[in-house]
Amino acid sequence: MRKAIVWLALWSCSHASWAFQDSHTPPVLPAVGTVQVAFTPGDDAAALVIAAIRDARRQIRIQAFSFTHRAIADVLIAAHQRGVDVALIADSEQTDRISTSVVRHMAAAGVPVYLDAGHASAHNKIMIIDANSAPVVITGSYNFTHAAQYRNAENLLILRGNPALAQAYAVNWRYHREHATALNP
């Protein structure tokens, strides 16, 4: 298993630009691990996200378009305070436009926050948890907002135990981090 992880890390570094070149075909990754699905309104997607964050041991990387869900923000802050390496990339325009955004709250609590203004919309809604150990990828249409939980028709996927998928998302997160600007609290 360790040999496979080392190989994957080397492959990820040598193919780090795969997701960003128009002429390159994105990889097909193995379907391993488990998939949990939630649909809102109805399913408590926020509780699933919060539980996954509470289980994090080493690192959480987040990309958010709109982020107003205070309970999710607070559990991320708590993870940061217990020593988990937490970092957020948020859409610059949404952070400034939405008065109930929790992005600045997270920055004020010491979580490194970066604003991505390099696109018409930084529309990713993902979390990568413990990519190098017990990988979890959270994705879907679900924004980390109360509207996504209670009013919108949204979907959420929690993909556990797929190192190749977690590394692909981590490479993409790092790509966006490179052109994002740090938000000073």
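The model is predicted, so local features need pLDDT of at least 70 and side-chain atom pairs count only at pLDDT 80 or more, while totals for chains, interfaces and linings use all residues. Residues are numbered from 1 along each chain as its sequence is written, and side-chain values use heavy atoms, with hydrogens and water left out.

Visitor: Welcome me in with T95: is it buried or exposed?
Guide: Gladly! Buried means under 20% relative accessible area, exposed over 50%, and partly exposed in between (1.4 Å probe, protein chains only). T95 has a relative accessible area of 5%, so T95 counts as buried.

Visitor: Which backbone oxygen lies 2.8 Å from a polar atom of the T95 side chain?
Guide: T95 sits in helix α4, residues 92-97; helices here are DSSP runs (H or I, at least four residues), strands are E runs of at least two, and both are numbered from the N terminus. The oxygen at that distance belongs to D91.

Visitor: What is the omega of the peptide bond from T40 to P41?
Guide: P41 lies in the loop between β1 (34-40) and α2 (45-54). Most peptide bonds are trans. The one from T40 to P41 is cis, with omega near -10°.

Visitor: And what is the phi of D130?
Guide: D130 is found in the loop between β5 (126-129) and β6 (136-140), and D130 is buried, with a relative accessible area of 5%. Most residues other than glycine have a negative phi. D130 is not a glycine, yet its phi is positive, at about 50°.

Notes. Polar contact = N/O pair within 3.5 Å; in protein donor to acceptor, adjacent residues only side chain to side chain.
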